[in-house]
Amino acid sequence: MAKVIIIGPAHPLRGGLATFDHRLAKAFQETGHECAIWSFALQYPAFLFPGKSQFTEEPAPEGITIHTRINSINPLNWIKTGNAIAKESPDIVVVRYWLPFMGPALGTILRRIRKNKKTRIICIADNITPHEKRPGDKPFTRYFIKACDGFITMSEKVMTDLRTLTGKPAQLVPHPLYDNFGPPVSMKDARAHLGLPPDDPIILFFGFIRKYKGLDLLLRAVSDLRSHPDPDSYQGNLKLLVAGEFYEDETAYQNLIDELGIREMVILRTNFIPDSEVRYYLCAANLLVQPYRNATQSGVTPLAYYFEKPMVVTNVGGLPSLVPHGKSGLIAAPDAAAIASAVAEFFKLGENHFIPHLRAGKEKYSWGNLVNAIMDLARKTIKDDTQK
């Protein structure tokens with residue numbers, strides 16, 4: 001049995017990173033390891049956070065110890081936190097890295113931990129090159145990387161980015177399925193719960209809204225679908241359900257909806273979606289669309305697999321490798337016309353064409369695989385050190 005500490009967002013912080021960390025801690029516990037999370041007392045200063053709130057009102061996950069300690073902008077806190085974790089003497093620290101802004105804080109904490117001469121530090125790299133570039137990105141990331149022993153990436157794109165900065169041990173592991181949002185419900189019950197039309201075909205955009213996620217492309221695609229050569233395939237009553245919080249000014253999107261004349265086709269649910277509601281949105285839709293302009297991997301894709309929801313994704317980053325074309329979903333170029341054609345093709349083929357492939361794909365996306373990969377990588381870094 002190993003003693004493991006995860007460094008990353010956790011309750012009462014909200015969002016996909018926190019959800020991932022909770023589920024990973026549970027997976028370590030299920031495989032016989034001791035695991036706790038060290039999270040942020042201050043993750044982002046308010047002026048840097050684009051959403052409405054960083055916190056959830058939902059209850060804390062049961063059975064997981066969470067220490068809310070890290071202040072991302074206080075160097076004295078970084079030293080104190082690193083010393084405290086080093087004193088805990090964990091066998092492995094698993095640290096999340098998703099944004100260069102966190103590089104100085106996390107890199108300093110890890111350097112203090114390393115002074116105990118015992119702990120192996122494994123990074124789960126969600127991004128190495130950020131979607132939206134800012135001054136300081138590369139030096140902050142390099143500072144962080146130097147403090148790690150090994151890396152897990154969840155897409156080829158992140159692995160490629162990582163290899164431009166380090167040759168340290170790394171392993172690619174597919175993003176596990178989120179299975180902690182409750183069991184699927186019927187489409188009828190999901191739509192009734194959300195107050196959605198019971199019979200109209202519904203496509204879903206899910207997750208926070210930023211330019212790189214391409215919601216504007218999808219809005220234009222919805223407009224194109226009104227005059228698509230084969231409208232009978234989706235019965236002409238298509239609705240786009242947008243479920244997720246705006247992380248930028250929504251005015252441009254609202255204006256585009258009116259400019260395109262598709263207001264009656266768009267259902268906006270743009271408050272933060274709490275974990276307890278996630279399954280209803282996935283189960284209410286016929287199709288999930290990820291119209292991204294660029295991407296590494298996506299936490300939305302594992303949701304679609306778990307709830308057996310076919311996808312249309314764009315051929316950017318790691319998305320095509322996760323969604324085999326014509327099997328789990330359809331792949332399109334990141335432009336409105338191509339996305340519209342893929343949506344129409346989905347309705348022409350029918351949902352049942354994709355379900356067997358989604359069910360088969362679920363088997364390789366387990367949390368146990370990720371735990372085993374982390375443990376193996378930690379052992380490899382120890383072996384590499386003894387051979388130096």
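User: Where is the place of Pro12?
Analyst: Pro12 sits in the loop between β1 (3-7) and α1. Helices here are DSSP runs of H or I with at least four residues, and strands are DSSP runs of E with at least two, numbered from the N terminus. This is a predicted model, in which local features need pLDDT of at least 70, side-chain atom pairs count only at pLDDT 80 or more, and totals for chains, interfaces and linings use all residues. Residues are numbered from 1 along each chain as its sequence is written, and side-chain values use heavy atoms, with hydrogens and water left out.

User: And the peptide bond from His11 to Pro12, cis or trans?
Analyst: The bond from His11 to Pro12 is cis, with omega near 10 degrees. Most peptide bonds are trans, and most residues other than glycine have a negative phi.

User: Which phi does Ser89 have, positive or negative?
Analyst: Ser89 has a positive phi of about 55 degrees, although it is not a glycine. Ser89 belongs to the loop between α2 (75-88) and β4. With 27% relative accessibility, Ser89 is partly exposed; the term covers values between buried (under 20% relative accessible area) and exposed (over 50%), for a 1.4 Å probe and protein chains only.

User: What about the phi of Lys117?
Analyst: Lys117 also is not a glycine, and its phi is positive at about 60 degrees. Lys117 is found in the loop between α3 and β5 (120-125). Its relative accessible area is 78%, so Lys117 is exposed.

User: Changing topic: how many salt bridges are there?
Analyst: The count comes to 15 salt bridges, each being a side-chain nitrogen of Lys or Arg within 4 Å of a carboxyl oxygen of Asp or Glu. One of them joins Arg96 and Asp21 at 2.6 Å, N to O. That pair links distant parts of the chain, 75 residues apart: Arg96 is in strand β4 (residues 92-97) and Asp21 in helix α1 (residues 16-30).

User: Is Asp21 buried or exposed?
Analyst: Asp21 is buried, because its relative accessibility is 0%. Arg96, at 1%, is buried as well. Asp21, Arg96 and Asp126 are linked in a network of salt bridges.

User: Which side chain does Asp179 meet in a salt bridge?
Analyst: Asp179 pairs with Arg23, at 2.6 Å from N to O. This pair spans 156 residues, with Asp179 in the loop between β7 (170-172) and α6, and Arg23 in helix α1. Asp179 is partly exposed at 32%, whereas Arg23 is buried at 7%.

User: And what does Arg293 meet?
Analyst: The side chain of Arg293 forms a salt bridge with that of Asp216 (2.6 Å, N to O). Arg293 lies in the loop between β11 (287-290) and α10 (300-306) and Asp216 in helix α7 (residues 215-225), so the bridge ties together parts 77 residues apart in sequence. Arg293 is partly exposed at 29%, and Asp216 is buried at 15%.

User: On to helices. Which residues of α6 are buried?
Analyst: In helix α6 (residues 187-194), Ala190, Arg191 and Leu194 are buried. They lie on the same side of α6 because they cover an arc of only 95 degrees around the axis, taken from the directions from the helix axis to the C-beta atoms. Lys188 and Ala192, on the other side, are exposed.

User: What covers the buried residues of α6?
Analyst: The cover includes β8 (202-206), β10 (266-269) and α9 (275-284).

User: At roughly what angle do the axes of α6 and α9 cross?
Analyst: They cross at roughly 120 degrees and come within 8 Å; axes are lines fitted to C-alpha atoms, for helices over the stretch in contact, and angles run from 0 to 180 degrees between N-to-C directions. That makes α6 oblique to α9, the class left over once angles under 35 degrees count as roughly parallel, over 145 as roughly antiparallel and 65 to 115 as roughly perpendicular. In contact, meaning heavy atoms within 4.5 Å, are residues including Ala190 and Leu194 in α6 and Tyr280 and Tyr281 in α9.

User: How do α3 and α4 pack?
Analyst: Helix α3 (residues 103-114) and helix α4 (residues 137-145) pack at about 20 degrees, with axes 8 Å apart. They are therefore roughly parallel. Among the residues making the contact are Gly103 and Gly107 of α3 and Phe140 and Phe144 of α4.
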